[in-house]
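Subject: Handover of a structure for your review

Dear colleague,

Please find below the structure that I am handing over to you. My findings follow it.

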Amino acid sequence: MLQFELWKKVLIWSVCAVGLWLALPNAFYTRVEQHNDAVAAIEVQGQTEALEAEASQWPNWMPSALVNLGLDLRGGAHLLAEVKVTDVYESRMQAMWPEIRDALRPERATIGTIRLQPSDPQEIRVKISEPEGMGRALEVVRELARPIQTLTGVGSTDIEVSGDGDVLIVTLSEAEKLASDDRTVRQSLEIIRRRIDEVGTREPTIQRQGEDRILIQVPGIGSASELKEIIGTTAQLTFQPVVGRGSDANANAGVGNVIVPSLDEPGAFYTLESAPVVTGEELVDAQPAFDQNGRPAVNFRFNTSGARKFGEYTLENIGSPFAIVLDDEVISAPVIQSHIPGGSGIITGNFTVEESTNLAVLLRAGALPAGLEFLEERTIGPELGQDSIEAGKIATMVAFAAVLIFMALSYGLFGLFANIALILNIGLIFGLLSLIGATLTLPGIAGIVLTVGMAVDANVLVFERIREELKTSRGPARAIELGYEKALSAILDANITTFITAVILFAMGSGPVRGFAITLGLGILTSVFTAIYVTRLIIVTWYDRRRPKSIEV
């Protein structure tokens, strides 16, 4: 057991070296941060001598990933946004018109012809030519109503249908508006979270405030405008039938139609049907790609319902143009050449590779269901103040030094070996945090401090076991071997149960709780590695060179 094969020694020291290499930029935090900012500015603004000089302060061949500091340590950007829930009402009405039209068409013998009338965006008005058939029209449209699921069971229906002479009026019910408001804010919360924190390690604060407001705080972002750029792009994708094309933005679009500008052709405008055939909500995947001419594009794929609607429309409209609309701009209006039954296609346009990649990310994250109005925006400093941060650093260093002194006094030379492993352990934790781009908060620091105690605890178990074996007149080599063998199960049991707790905290918690769970979980992995392998390798290397006839632990 005291013999380590050469490849194991190389592997153990290589892991330690890589971990310290990744953690190194954090020892020069300010310089590396300035380097990263300069590199980002060069990519956006082009190369300038001043920016190149600033970037050269940190070698490009060195790692530059840093542990992000949380809001309580560094500050960040703060936004208070109001969700425009009424936008959803208009979208619902627009999407409902084709369904109402298709339901009334078979009843023409009774109600006569039907015609959509200009009205408030939050309602649908349909004029019928046979007023005596209004009763039948109301009956048909009311059959389209769907029950609303509430906490107490099934509530009222989602629409209200009434008649006024020869005009049929459809509006959303008050219960549906309340349910829609709640769904819209919840969906906005989730989409904002996915856009800001796709990996799950940035630890933003994203909370609902009141009925229709969302508080957003993100650490490490330099300005609120930068955060708004990340959030504000709605990426609302729709596929709409083309009615016509022209150059007059103020032309009469007609009832049920809208005029939308072309993204690639300045001065060109498309007249489209307001109700989309398929929307981006029915997308299940979007990936950057290249078209047949080698130009950047985006491949997309619909879910089952979207694929069915897309396939049916392309089958019935071969030879007709079909507009792909992104954020109220036509990015492409190809002519349908054939039936597309698979529910997949490609979005082409004058994209760069970066633009096609960003568009794919936004489409995968989903479209914001409604617009956001930013009521409050500011850049915030550390919540605890610089004095509290410095006091926390001093307290952490004093505690760490006290643990090192305690181990050295309690276990002598073996305690010094444990201290070396403990320092490597801290380096490995920061290396892993830098590698995954995690955010460090005060609860995260608490997780690291707890890890220090657990790492010491593992070494204490081993050393105490070695002491017991020495009391039974075992030789040094056998005592060391049995000490690690018999303490291994206790070390694994304690750390596995704690690791399970960290996983549960990460899965079910949010914000500071997840920060604590991340550092605790990574610390458990590194402490087990250093306690079982690094410390033992140091002891074995020392024993092979000295071959002492007795040892003191």
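Does Glu376 count as buried, partly exposed or exposed, and what is its relative accessibility? Glu376 counts as partly exposed, because its relative accessibility is 30%. Its salt-bridge partner is Arg378, with a distance of 2.1 Å from N to O; Arg378 is likewise partly exposed, at 39% relative accessibility.

Please bear in mind that this is a predicted model. The mean pLDDT of the protein is 80, and 87% of the residues reach 70 or more. Confidence is highest in helix H1 (residues 6-23), at a mean of 91, and lowest in helix H3 (residues 49-55), at 54. Where pLDDT is low, the predicted coordinates should not be read in detail.

Overall architecture

The protein has 553 residues, of which 44% are buried, and its secondary structure consists of 14 helices and 21 strands. Among contacts with a separation of 6 or more, 69% link residues 24 or more positions apart. The accessible surface is about 28,100 Å², and carbon and sulfur atoms hold 55% of it.

Nonpolar cores

The largest nonpolar core contains 46 residues, and Phe414, Leu433, Phe463, Ile466, Ile480 and Val534 have the most contacts inside it. Two or more residues each come from H1, H11 (385-436), H12 (442-471), H13 (476-508) and H14 (512-546), with H11 giving the largest share, 13 residues. Beyond its neighbours within four places in sequence, Phe463 is in contact with residues including Met407, Tyr411, Phe414 and Ile539. Another core, of 45 residues, lies apart from this one and includes Ile124, Val161, Ile214 and Leu227.

A buried threonine

Thr519 lies in helix H14 and is buried, with a relative accessibility of 1%. A polar atom of the Thr519 side chain lies 2.9 Å from the backbone oxygen of Gly444. Leaving out residues up to four places away in sequence, Thr519 also touches Leu433, Leu440 and Ile448, among others.

Further salt bridges

The structure holds 20 salt bridges. In helix H12, Arg465 and Glu468 are 3 residues apart, about one turn of the helix, and their side chains form a salt bridge at 3.3 Å, N to O. Arg465 is partly exposed at 27%, as is Glu468 at 42%. Together with Glu469 and Lys486, Arg465 and Glu468 belong to one network of salt bridges that share partners. Lys177 and Glu174 form a salt bridge at 3.9 Å, N to O; these two residues are about one helical turn apart in helix H7 (residues 174-196). Glu174 is exposed, at 54%.

Yours sincerely

Conventions
Residues are numbered from 1 along each chain as its sequence is written. Side-chain values use heavy atoms; hydrogens and water are left out. Helices (H or I, at least four residues) and strands (E, at least two) are DSSP runs, numbered from the N terminus. Buried means under 20% relative accessible area, exposed over 50%, partly exposed in between (1.4 Å probe, protein chains only). Contact means heavy atoms within 4.5 Å. Accessible areas come from the Shrake-Rupley method with a 1.4 Å probe; for residues, only the protein chains shown count as cover. pLDDT is the predictor's confidence in each residue, from 0 to 100. A nonpolar core is a set of buried Ala, Val, Leu, Ile, Met, Phe, Trp, Tyr and Cys residues joined through side-chain atoms within 4.5 Å. A polar contact is a pair of N or O atoms within 3.5 Å; within protein, one must be able to donate a hydrogen and the other to accept it, and residues adjacent in sequence count only if both atoms are side-chain atoms. A salt bridge is a side-chain nitrogen of Lys or Arg within 4 Å of a carboxyl oxygen of Asp or Glu.
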